[in-house]
Amino acid sequence: MDQSTEDEVLLPFEREGSSRRGFLQLVGFGIAGASLAGCSRGPTRRAIPALEASREFVPGRPYWIASSCGGCEAGCGVLARCRDGRPIKLEGIPGHPVSAGGLCPAGQGSVLSLYDSKRFDGARRIVDGRGQDLRWSAADEELTVILDGLRASGGRVRLLTSTVNSPSTRVAIDRFLESFQDARHLSYDGLSASAIPSAHELTHGERVLPRYRFERAKTIVAFDADFLATWISPVEFAAGYTRGRDLDVQGETMSRHYQLEARTSLTGCRADVRTRLAPWETGAVLSGLCDLLEQCGGARGPCRGAAEHAPHAELLVTIAADLWETRGESLVIAGAQDSEVQVLVNYANELLGNYGATLDLVHASQQRLGDERELAELQAELADEQVDLLIVAGANPVYDLAGALTVERAKLLVSCAAAPDETSELADWVLPEPHFLESWNDAEPLRGTFSLTQPTVPALRSGRTLRATLAALGGDSRPDRELLRDHWRRELHPRSGVEDFDTFFDRALDDGFVVLDEQRRVSDHFVREAVHAVASAPAPVTGALSLVLYPKIGMLDGRHGHNPWLHELPDPVSKITWDNYACLSPLTAERLELEEGAVVEIAVTDDAAAISLPVHVQRGQHDGVVAVALGYGRLGTDRFTDVGPQWLEGRPTVEAGSVIGANARLLAVDSAGRRLDGRHVTLARTGASVELAATQDHHSLVLPEHLAIEGHERRDLVHTTSFAAWKADPHAAAHGHDLPVTDLWSDDHSGDTTWGLAIDLSKCTGCSACVVSCQAENNVPVVGRDEVRRHREMSWLRIDRYFEGGEDDLRALHQPMMCQQCDHAPCESVCPVLATVHSAEGLNQQVYNRCVGTRYCANTCPYKVRRFNWFEYPREDALQNHALNPDVTIRSRGVMEKCSFCLQRIQEAKAEARREGRDVRDGDITPACQQSCPAGAIVFGNLRDPESRIAQLAKRPRAYSMLEELNVQPSVRYLAHVHNGRKEEDHGAH
Amino acid sequence: MHTELQTAHRPPALIGGNKTPTDVTRDVCGPLERRPTRMWWLAFAGALTLLAIGVVSVWYQIATGIGTWGLNRTVGWGFDITNFVFWVGIGHAGTLISAVLLLFRQKWRTSINRSAEAMTIFAVMCAGLFPVIHMGRPWLAFWVFPYPNFRGPLWVNWRSALLWDVFAIGTYFTISLVFWYVGLIPDLATLRDRSRGLRKKITGLLSLGWDGSARTWSRYEMACVLLASLATPLVVSVHSVVSTDFATSVVPGWHTTVLPPYFVIGAVFSGFAMVLMLMLIARKVMNFEDYITTVHITAMCKVIVFTGSIVGLAYATELFTAWYSGSEYEQFAFSNRIRGPMGWAYAVMVLCNVVAPQFLWSRRVRSSLGMVFTITIMVNIGMWFERFVIIAGSLQRDYLPSAWSDYVPTSIEFGALIGGFGLFFTLFLLFCRFLPMISIFEIKTVLSGGHHATEEVEETKERGVA
């Protein structure tokens with residue numbers, strides 16, 4: 001018999017003639033088996049046998065369900081990665097018309113909100129402040145009686161929502177409201193862009209939000225619009241933006257990005273040319289720009305003469321020249337919530353012929369449909385107690401408008417909040433909406449692009465979508481899925497050209513989206529009469545500052561305020577976690593004698609409103625403004641008291657009974673419920689001081705002056721060059737060391753695989769989606785504010801951010817930093833117990849079970865990417881343990897951990913390839929960071945496969961390794977950052 | 001109190017008070033046979049309090065997590081390894097005095113070698129404690145030993161300097177213990193002969209049937225010389241190996257070849273300071289002024305000023321090599337060490353280790369016990385800071401500025417630091433109580449006061465038999 005050795009070991013009894021040894025082995029096995037059987041927990045009394053195995057649920061194997069992200073209104077397509085019946089990770093759908101495969105941090109984090117145990121469970125009626133849970137049917141019955149009364153009496157019914165871009169829900173809303181004599185649907189957005197549609201109403205005669213095509217723009221001029229981080233549809237824009245700057249694809253061209261802004265935004269930090277613009281001057285500057293463009297076109301227009309008095313005149317001339325040169329391929333945008341300013345933006349784009357090219361009005365964006373002008377009318381009605389029924393869905397007006405909208409004065413307030421919020425606190429009824437991962441829904445983020453949301457898990461909490469609720473209250477009790485299908489059958493199927501509806505719907509469900517031909521006609525008449533030059537608004541008086549409110553990338557308008565991942569995500573600009581703060585420019589902070597962490601009271605000069613926040617000194621910010629993040633001070637955030645370790649010197653993340661940060665909106669609403677920009681505020685020191693929890697202390701590659709060695713004042717860790725220099729010489733970026741490499745040892749692994757990662761620093765926008773993605777994929781714990789303060793954050797992937805340049809031309813270099821999987825890993829040689837070892841495929845593997853926790857490896861790691869479990873880190877909400885990835889070990893206290901290049905995904909791809917009887921192909925393996933990156937900056941692959949994408953990238957002249965001179969031979973290649981600034985070009989090829 | 005016999009034709013007497021061998025035996029054994037003094041009880045209570053603080057701190061830390069220390073993602077070692085290196089260093093003087101000085105026939109060592117060796121053992125015990133408790137999972141500390149096992153089998157990493165430490169410290173402790181115990185045997189026999197009851201039984205057992213015959217003595221002395229020869233290389237090797245924890249790693253400020261001699265000389269320096277400090281206390285508390293005389297103090301002062309100067313040279317060399325290396329990271333590490341956030345610690349280190357010992361060039365300072373005592377304490381503080389500066393100071397700012405981080409120790413870490421001293425002093429005080437602090441038989445070989453010193457030594461030996 002010809003048997004392999006392996007078989008001999010496993011099956012001794014199969015050998016010819018049984019030996020004594022074999023007999024003993026069998027006896028041993030028998031005894032062990034019998035003893036193990038005795039260890040069982042006894043009979044299971046209740047079990048449902050799987051008579052027929054589910055096609056989807058193969059225990060231990062993940063499956064994917066296509067859906068749409070509900071993290072904001074942008075409507076990115078997601079694939080929910082599910083294990084054993086529950087979603088554990090969200091990933092972008094490759095090729096999705098909006099997100100193109102990427103996802104933002106908030107989207108990545110939203111899977112955790114599904115497992116929020118604080119969510120409402122079923123309908124609830126609140127009587128005299130006491131909640132009473134009801135069955136849905138009972139709630140419907142009671143409410144129907146009330147509604148019938150209103151129908152009969154002609155009562156005033158108002159429905160207040162955020163943007164509803166679900167077509168089926170819009171139909172349900174219309175149908176519901178039609179049954180009343182006086183009913184209206186009003187919508188506003190927490191992060192509003194309503195000035196843009198309003199401006200288009202004036203200039204194009206239609207209330208429309210264009211779809212911005214950054215990939216087509218050669219010159220981008222943005223005024224305060226943080227389009228790479230939070231503005232309207234950041235994933236879509238980041239993807240487009242980087243495509244327009246992709247040195248590998250574009251080759252000869254690269255878009256030039258001008259950013260004029262008041263605060264230091266992530267987008268601004270990435271701009272080629274950035275300057276500080278006072279918020280009160282935006283109109284004047286835009287008028288000046290329009291004037292210059294008029295001059296370029298030889299036309300005389302409404303802005304004539306504006307350029308003479310415009311601030312930044314010199315820069316404007318350059319911008320106008322660049323724009324004019326690339327007319328039809330340029331884009332002017334502004335973040336200002338001021339329709340006069342937005343009209344000027346439209347005018348500039350019209351002068352440049354950008355409509356139809358970089359601004360698409362046919363496939364218009366539906367991501368921000370709110371019109372907050374209506375809020376004033378609603379508030380007037382509320383103030384007079386004329387509203388009989390107010391239904392609030394998908395919005396939290398009490399928080400967003402800081403109490404200026406007196407919803408409690410409606411005779412009956414129904415909240416559809418999924419979890420307790422400021423509005424549901426005041427409601428008479430709560431009819432909670434489900435999490436998007438457990439419900440049916442659809443969306444039309446862009447006209448003609450329809451996406452579907454489907455349940456990925458049996459509902460964890462009993463909720464009902466607004467569509468189903470309104471249908472039920474209108475007497476239509478069909479299940480949600482039927483309502484949705486019905487709409488699609490009637491409205492969308494006929495447009496699809498597919499014969500059979502089921503085929504059409506199932507295909508859409510499978511893909512997550514469907515793109516239908518958009519037949520809309522758009523008027524191309526531009527109403528020039530609407531345009532007029534805008535003068536500067538009054539600057540704040542001496543001692544006062546202009547208030548700038550901005551959303552943070554994770555928290556947005558506060559809707560993610562209960563998400564610990566997003567709280568602990570370092571802001572990509574300030575690197576601060578768990579807080580909002582008052583950003584001041586260094587000069588202003590010095591002038592006001594305020595230092596980092598000093599708590600100030602910010603008071604509005606012509607109002608009683610005031611909040612207290614710590615100061616953060618932010619480079620690159622305009623001296624006349626104070627910038628404060630929205631989304632903080634959310635009700636119930638004292639739940640995070642228990643986040644992180646509790647020990648002798650540990651301080652809680654938030655004091656019991658307190659909240660995280662403060663609601664900055666309190667400073668910026670007026671009594672009519674309007675949200676205001678640029679209010680004038682004063683700062684007064686309260687005397688208190690706090691230590692902000694930042695993950696980075698030194699913010700520059702330039703060393704502290706008193707320590708720097710002559711000739712080495714700056715560390716060249718992020719290679720950077722200009723586009724002109726790069727074009728002239730592709731090696732310009734690689735001012736590498738090119739050191740001769742001598743090896744004392746033969747190669748550690750001689751196989752044909754070395755896994756590597758290539759990161760294009762030109763593409764990376766610093767958005768931090770990869771950070772949250774990594775956290776979700778690898779079960780990285782949340783450690784709380786105090787531990788972050790102590791520099792013990794656990795993230796395996798961090799984004800180093802270095803500021804370059806002065807206050808007026810500040811630029812940030814972002815560098816994602818994770819385990820570099822060195823071939824000569826310093827960590828491997830120092831571990832006394834071989835707990836970190838090199839794999840045959842070039843990976844540096846951490847063996848948690850073997851680790852005794854000497855931390856020697858972390859000390860010797862030149863990149864400081866190793867993370868130690870200082871404590872046990874249980875979750876604040878035990879239900880959120882369901883979001884854990886079962887493929888990745890939970891690390892116990894006392895062991896070291898670090899990035900594994902998503903080893904579990906490598907193994908999965910290899911197993912899949914083996915199952916299919918083939919080799920692993922390039923692109924089979926996508927680590928979580930690469931998957932999530934909207935910009936496509938990260939590429940994983942086999943460095944030893946010359947055909948692989950990564951091998952190609954590694955050969956680029958721009959490619960370099962970090963700290964090459966140490967000869968630790970990292971497997972991560974960085975591609976130098978190339979910017980397209982003006983100055984360098986002057987010295988460059990021209 | 002001191003009797004410095006400085007005459008033209010005779011070397012200064014090592015032992016004062018015109019002692020006879022009988023006096024020596026009585027003086028050394030006496031305190032062990034009486035009830036402890038109030039002074040001892042006070043000292044012991046103090047030491048136990050320190051130890052208790054340490055026990056509570058370490059217990060809390062092991063139960064809760066290393067997070068109770070102020071370490072972070074950038075600074076992975078702080079007080080823990082500083083204490084470890086400090087205590088290993090303290091141990092060095094004992095070996096040097098007993099082994100190297102024995103081989104060099106330095107007779108003045110006889111009064112202090114016993115305590116110095118005891119100190120070595122206790123210091124190494126303290127030192128050994130810290131690498132164990134600094135582990136994230138100290139209950140698995142035995143994994144650092146290469147023993148046959150069923151976990152794979154899993155083996156240890158011979159390339160890791162931490163593993164070399166395990167063997168260096170293990171060997172050192174074993175040899176020191178054996179050497180110390182062997183040195184105790186004749187004195188244990190003396191104690192046995194002077195006692196009754198339980199004490200006699202225990203000392204009888206421990207003295208291994210010592211009979212004091214010429215043959216025993218001959219073999220005994222051979223054993224001592226052999227052990228001394230074995231122990232001598234350890235003086236150099238142990239701290240050299242400890243220094244490789246740093247020297248073989250890639251951290252700027254650690255990665256330097258000067259570290260092994262630098263560490264060894266620093267160890268001898270700090271060890272001598274500690275011995276001298278303890279001797280100054282002991283001669284007062286135990287009334288050993290006649291045994292530990294100005295001669296001893298002066299000799300040790302000279303060693304301290306000598307080694308202290310070499311330490312100063314090492315500091316200068318370190319700066320020079322950093323500059324000469326041309327490596328921007330190396331240069332920055334030292335710039336940061338001196339002018340960075342821990343610059344004050346560097347200043348303390350230079351002041352205590354380089355400046356303070358230089359005062360010992362002056363005879364006046366050397367003969368002032370108060371001054372000498374102050375300097376020894378300063379040296380001990382300075383040497384602790386030296387390790388702290390090297391370890392935490394280098395880690396806090398290495399390659400990537402984004403990862404720089406300060407290090408602020410917690411109360412629990414101070415507790416562990418205090419506990420180390422508590423353990424050391426507790427053990428030392430117990431040693432003073434139960435074992436002869438001064439080597440009786442060796443003192444008798446250097447007596448100058450008695451007329452027939454040599455004969456009396458012989459006499460004593462014979463008495464040991466009886």
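Trainee: What should I know about the numbering and the model before I start?
Mentor: Residues are numbered from 1 along each chain as its sequence is written, and chains are lettered from A and ligands numbered from 1 in the order in which they are written. This is a predicted model, where local features need pLDDT of at least 70 and side-chain atom pairs count only at pLDDT 80 or more, while totals for chains, interfaces and linings use all residues.

Trainee: How many helices and strands does chain A have?
Mentor: Chain A has 28 helices and 39 strands. Helices (H or I, at least four residues) and strands (E, at least two) are DSSP runs, numbered from the N terminus.

Trainee: And what is the radius of gyration of chain A?
Mentor: For chain A it is 30 Å, close to the 30 Å that the globule rule gives for 990 residues, so chain A is as compact as a globular protein of that length. The radius is taken over C-alpha atoms, and the rule is 2.2 Å times the number of residues to the power 0.38. Along the principal axes, the C-alpha atoms of chain A fill a box of roughly 100 × 75 × 65 Å.

Trainee: How much of chain A counts as buried?
Mentor: Of its 990 residues, 57%. A residue is buried if 20 or more other C-beta atoms lie within 10 Å of its own, exposed if 12 or fewer, and partly exposed in between, with C-beta atoms placed from the backbone.

Trainee: Which residues of H3(A) are buried?
Mentor: Ten of the ten residues of helix H3 (residues 105–114) of chain A are buried, including A:Pro105, A:Gln108 and A:Leu114. Among the elements that cover them are strand S2 (77–83), strand S3 (86–92) and helix H21 (769–777) of chain A.

Trainee: Next topic. In what order do the seven strands of the open sheet in chain A run?
Mentor: The order is S5-S4-S16-S15-S14-S6-S7 (chain A), and the pairing is mixed. Strand S5 (130–134) and strand S7 (182–187) of chain A stand at the edges with a single partner strand each, so one side of each is left without a neighbour in the sheet. Two strands pair if DSSP finds at least two bridges between them.

Trainee: In what sense do S6(A) and S7(A) pair?
Mentor: Parallel, over six bridges. A:Leu159 has A:His185 in S7(A) as its bridge partner. With helix H5 (residues 167–178) of chain A, S6(A) and S7(A) make a right-handed β-α-β unit. Right-handed means that, with the strands pointing away from the viewer, the path from the first strand over the helix to the second runs clockwise.

Trainee: What about S14(A) and S15(A)?
Mentor: Strand S14 (residues 389–393) and strand S15 (residues 412–415) of chain A pair in the parallel sense over four bridges. A:Leu389 stands opposite A:Leu412 in S15(A).

Trainee: How many helices and strands does chain B have?
Mentor: Chain B has 16 helices and zero strands. Of its 466 residues, 53% count as buried.

Methods. Contact = placed C-beta atoms within 7 Å.
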